[in-house]
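Hello,

Here is the structure I promised to hand over.

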Amino acid sequence: MEKELGIYIHIPFCVKKCNYCDFNSGSFSDEIKALYVDALCKEIEIKSEFFKDYIIDTVFIGGGTPSILPYEYIGRILEALRSFYSVSDKAEISIECNPGTVDEDKLINYRKFGIDRISFGLQSTDNDELKILGRIHTYEEFLESFKLARKAGFENINVDLMSAIPDQTVESFKKSLKNVCDLNPEHISVYSLIIEEGTPFYDMELNLADEDDEREMVHIIPDILGDEYTQYEISNYSKKGYVCKHNIKYWVRDEYLGFGVSAASLLKFNDFKELRLKNTNSVRDYINIVNYDSELIKKFTDFDIYNPFYSENIILSEEDTMSEYMIVGLRMNRGISKRDFYDTFGKDVYGSYGDIINEHIKEGLLKDEQGFVSLTEKGRDLANYVWKDFI
Ligand code: SF4
């Protein structure tokens, strides 16, 4: 039987770096972009010999800002994928876009390439907040992009919002959420701003929301979104039938294969328990290796040699796998299935984590209901505190 596989394709290019961003992304010349896409198509081809038994059921083109590439490049990447892999006709194919970087022509062509889900990085509908974040677009540009996406036939649209933006109030957050809700997207993600070391925000004096306001922003989300949307993950809300199938693979630890710089993969080959790969973080190294030393790409199962194509190349121990299983599984509202834990590890979840689970149940942070262990509402507020115990 064919196994299912999710594909992640990383496009590391942005118009300019946002003030809070620590992703592997940046501004590069058109020449590098063209070379990178050539290299991506080659990596896709080279790895294909290992994945003949798989059917691709999700594809996620993320970044960075994939939509700054000419649409023909996106077409070439998907063509390479379809030429060398078995891509299901029903595969969910998503692309991340930044408002202001798409036009009608691009969106119509995305549809022609079979892309059926679009994810807009909006973050806020307040132009002052967008400016503070260092975003390249205005709310009005987003509205135009959203309208064009609907016109091009996209019936599955996600909008990313952010809470705890410097200078943001509970009221202005509420307004952003209401504005987005009025557009009726199928999916909304809301992430809290985290100030990461190495980003411009880290060295700036910022007027940040206090803990109470930050928590209130999170708590008002379900009320504003109403019954049409269901929270299915700590930061993700969707209408019925519109969960992001690709992202769920990360949270339930299904297999996925990443292409491009810093793209991660989780593979479960017969002779290994679980294999974690991460490609090199350097765009230049990536292009050079693909062009001049491409045999290295195939050597992801040679753990003893230093391989510059991979920044990470390890077999996960059972302890690592279990810990990851708990942490990512608890991100989902349904939590982790006790039966699935048993089927995966051949032991009871209470045998491995009984003390931790019981302690957090006593504190009101976890619950055990209908075969699933999950975070309570209070537990979602203190998720980091709970997760750290499973590391
Ligand atoms: S658009 Fe996204 S990936 Fe690019 S710099 Fe901004 S936050 Fe980072």
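A disulfide here is a pair of cysteine sulfur atoms within 2.5 Å. By this rule the model has zero disulfides. The sulfur of Cys244 lies 14 Å from the closest cysteine sulfur, that of Cys97, too far for a bond. Cys244 is buried at 0% relative accessible area (buried: under 20%; exposed: over 50%; partly exposed in between; 1.4 Å probe, protein chains only). Cys21 is buried too, at 11%.

On provenance: this is a predicted model, where local features need pLDDT of at least 70, side-chain atom pairs count only at pLDDT 80 or more, and totals for chains, interfaces and linings use all residues. Numbering runs from 1 along each chain as its sequence is written, and side-chain values use heavy atoms, without hydrogens and water.

Now the rings. Two rings of Phe, Tyr or Trp (its six-membered ring) pair if their centres lie within 6.5 Å; planes under 30 degrees apart are stacked, over 60 edge-to-face, the rest tilted. The count is 24 aromatic pairs. Phe142 and Phe146 form a tilted one, with centres 5.8 Å apart and planes at 55°. Both residues are buried. Phe269 and Phe300 are also tilted, at 6.2 Å and 50°. That pair links distant parts of the chain, 31 residues apart. Phe269 is buried at 13%, and Phe300 at 1%. Both belong to a ring cluster that also includes Phe13, Tyr36 and Tyr310.

Last, the ligand. Residues around it (a heavy atom within 4 Å) include Cys14, Lys16, Cys21, Asn98 and Arg135.

Best wishes

Note on methods
Helix = DSSP H or I, 4+ residues; strand = E, 2+ residues; numbered from the N terminus.
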